[in-house]
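Please work through each task before reading its solution.

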Amino acid sequence: MFSPSFSAPSLSFPNCYTVVLLIPTGVGCAIGGYAGDALPVARVISQAVDCLITHPNVLNGAQLYWPLNNTLYVEGYALDRFAAGEWNLAPVRTNRVGLILDAGIEPDLRLRHIQAAEAVRATLGISLVGYTLTDRPLQVSLQQSTTGASWGQVKHLDSLFRAAQVLIERGGAEAIAVVARFPEDPETEALQAYRQGQGVDRLAGAEAVISHGIVREFRIPCAHAPALSPLPLDPTLSPRSAAEELGYTFLPCVLVGLSRAPQYHPYSTTPYSTTSHSIITTQAVNAVITPASACGGSALLNWAAQGKTIVAVEDNTTTLSVFPEALGIQAVRVQSYLEAVGYIMSDRAGVDPQMLRSSFPPLTQIMN
Amino acid sequence: MTPSPQTRSIQSHTQSGTQSDLKPDVQPDTLQSSFVTLEIPLEDSPGKMEMAIQAALRQWGDPLRWAVMAVDVANQLVKVEAIVTHPLPPEPLLSLG
């Protein structure tokens, strides 16, 4: 496990150049659709901006993670509310994290996860308030739609929410990590493809439902790690999927991310929301980077409506063909994340990116 | 706009009922989720599109996660997939007559 030292963020967010990096989960993103394999992208973009806002799918690499002092770990449902201007983000020095373990996890696997949490406390000094078991197995189910996207559901959402309430009210948790038992079948074609760095992450859709549910109900940070039995050794494993085969648990990255995830404040109750140096509103966002073929999410539609700079990356292909132009989104198309970084730096510097090309169109007269 | 996250308190889940997989001290489920697929008209701006999708999904429940999965420009339609949540109907009371 990688475990560098942390230091608290020291940003003054207003007037900073702030970028959101979106890489949707469960739609087979060529970069970021596997095991934390968009983390290198986030690391580079974080160096090009004052503040990077992104989500767990980008930053979670099972037992691998990388601390980025100017990067905010924001769950997808909260990103949607943030983009809509309904919630603001309040960076924190630390959160006390509570851990929910699905009662459907076998005793040995449950103990592995408790020990992983203990390791994160002892080795990284992260504050956990404790763990609780759901009062019944959550019974996660997986499905894949005809568009190829992964979806899933939790039969006993009430049980999940009761467990979160225990951690918040009795334990004082400020963020919630969930480990749910996921169905598994090592022989499925989808899993084999995923291990080869192809296809869609079948678990992703259900994982999002779990974290979205808790964030919607309790308005605090949440992230999820699936509990699965270790897979048989595969000598042809793709590097993009390899992070999930390092051990028994995907929990460490979740606990690290949640330990410093910003809190969510509803816009109407945020004091001096546009002037406080500790609050980030959607107005602070300068640009949003997204895969070009997955532009149909709530957050992106809202940011496009607000006139934010949308940078659409063509290299990061997905199973979808929802391109910005079809939805009336004015986007800058770039080929790669390398080009996106150049565009962002140019925008940040106030330099017209067209001037960095060998040729550009002449000025035209604007008629009365 | 999605309702406030605090509007549905878990402690308020007190409806009666029986379910076969319940332990005696476990409260019954009051909430369930559904996978929804919709086709709705393509709007001429992203802001209108977002609002139209939210409104369409609210007819099926409380939207939890959704995305546009396809755009049919020729027919001016978008295909949306979503997970929505909605209350479970209460178990019918047993007749004692």
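Helix α4(A) is followed by A:Gly125, whose phi is positive, near 75°. The model is predicted: local features need pLDDT of at least 70, side-chain atom pairs count only at pLDDT 80 or more, and totals for chains, interfaces and linings use all residues. Residues are numbered from 1 along each chain as its sequence is written, while chains are lettered from A and ligands numbered from 1 in the order in which they are written.

**Exercise 1.** Determine how the buried residues of α4(A) are arranged about its axis.

Solution. A residue is buried if 20 or more other C-beta atoms, placed from the backbone, lie within 10 Å of its own, exposed if 12 or fewer, and partly exposed in between. In α4(A), the buried residues are A:His113, A:Ala116, A:Ala117 and A:Val120. Seen down the helix axis, they fall within an arc of 95° (taken from the directions from the axis to the C-beta atoms), so they line one face of α4(A). On the other side of α4(A), A:Pro107, A:Asp108, A:Glu118, A:Ala122 and A:Thr123 are exposed. The general rule is that an α-helix has 3.6 residues a turn, so residues three or four places apart point the same way.

**Exercise 2.** Identify the elements against which the buried residues of α4(A) pack.

Solution. Contact requires C-beta atoms, placed from the backbone, within 7 Å. The partners in chain A are the strands β5 (97–101), β6 (128–133), β9 (175–181) and β10 (222–227), together with helix α8 (251–259).

**Exercise 3.** Describe the surroundings of B:Ile53 in chain B.

Solution. Chain B follows the pattern β-α-β-β, and B:Ile53 is found in its helix α1. B:Ile53 counts as buried because it has 23 C-beta neighbours inside 10 Å. Leaving aside residues up to four places away in sequence, B:Ile53 touches B:Ile40, B:Trp66 and B:Val80.

**Exercise 4.** Which elements of chain B give two or more residues to the side that touches chain A?

Solution. In total, 31 residues of chain B are in contact with 39 residues of chain A. The contributing elements are β1 (31–41), α1 (46–58), β2 (62–72) and β3 (77–87) of chain B. The largest share, eight residues, comes from β2(B).

Notes
Helix = DSSP H or I, 4+ residues; strand = E, 2+ residues; numbered from the N terminus. Contact = placed C-beta atoms within 7 Å.
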